[in-house]
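Here is a short report on one protein chain. It starts with charge pairing, then turns to fold and overall dimensions.

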Amino acid sequence: MLVLTRKKNESIMIGDSIEIKVLAIEGEQIKLGIIAPKHIDIYRKEIYTAIQEENKQAADVSTNLLRQLKNNKKN
C-alpha cells in the first residue's frame, strides 16, 4: 500500500488520466474529487463489494440452471 500525505486542494495522479483531489477536510471526513475517463467505473468500496457478490450469486444461479438443463436432457 502506498501512503501519501496531501493537503486541501492537493492531488495525486494515477497513471496519466486519473486525478484524485482533496476538496475539503471536515473533522474526521475528507471530501475527494475524482477526475477520470468516462469508461472507468468509480464506486465506494462497500458498493463495489456488494456488486461483486451479486455478480457471483447470479453466475452461480446460471451455472446451476445449466447443470439442471443438461441433466434433464440426459433423462
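## Salt bridges

A salt bridge here is a side-chain nitrogen of Lys or Arg within 4 Å of a carboxyl oxygen of Asp or Glu. R44 and E46 meet this rule, with N to O at 2.7 Å. The side chains of E10 and R6 also form a salt bridge, at 3.6 Å from N to O. E26 and K31 pair as well, at 3.7 Å, N to O. The count by this rule is three salt bridges. Side chains of opposite charge can pair when their charged atoms come close.

How exposed are the partners? Buried means under 20% relative accessible area, exposed over 50%, and partly exposed in between (1.4 Å probe, protein chains only). E10 is partly exposed at 27%, and so is R6 at 38%. E26 has a relative accessible area of 44% and is partly exposed. K31, at 45%, is partly exposed too.

## Basis of the model

This is a predicted model: local features need pLDDT of at least 70, side-chain atom pairs count only at pLDDT 80 or more, and totals for chains, interfaces and linings use all residues. Residues are numbered from 1 along each chain as its sequence is written, and side-chain values use heavy atoms, with hydrogens and water left out.

## Fold and contacts

Helices (H or I, at least four residues) and strands (E, at least two) are DSSP runs, numbered from the N terminus. The order from the N terminus is β-β-β-α.

Contact means heavy atoms within 4.5 Å. Take the contacts in the protein chain with a separation of 6 or more: residues 24 or more positions apart account for 0% of them.

## Dimensions and surface

The radius of gyration of the protein chain is 21 Å, whereas a compact globule of 75 residues would have one near 11 Å. That radius is taken over C-alpha atoms, and the globule rule is 2.2 Å times the number of residues to the power 0.38. Along the principal axes, the C-alpha atoms fill a box of roughly 70 × 30 × 25 Å.

Of the 75 residues, 7% count as buried. The protein chain exposes about 7200 Å², and carbon and sulfur atoms supply 54% of that area. Accessible areas come from the Shrake-Rupley method with a 1.4 Å probe; for residues, only the protein chains shown count as cover.
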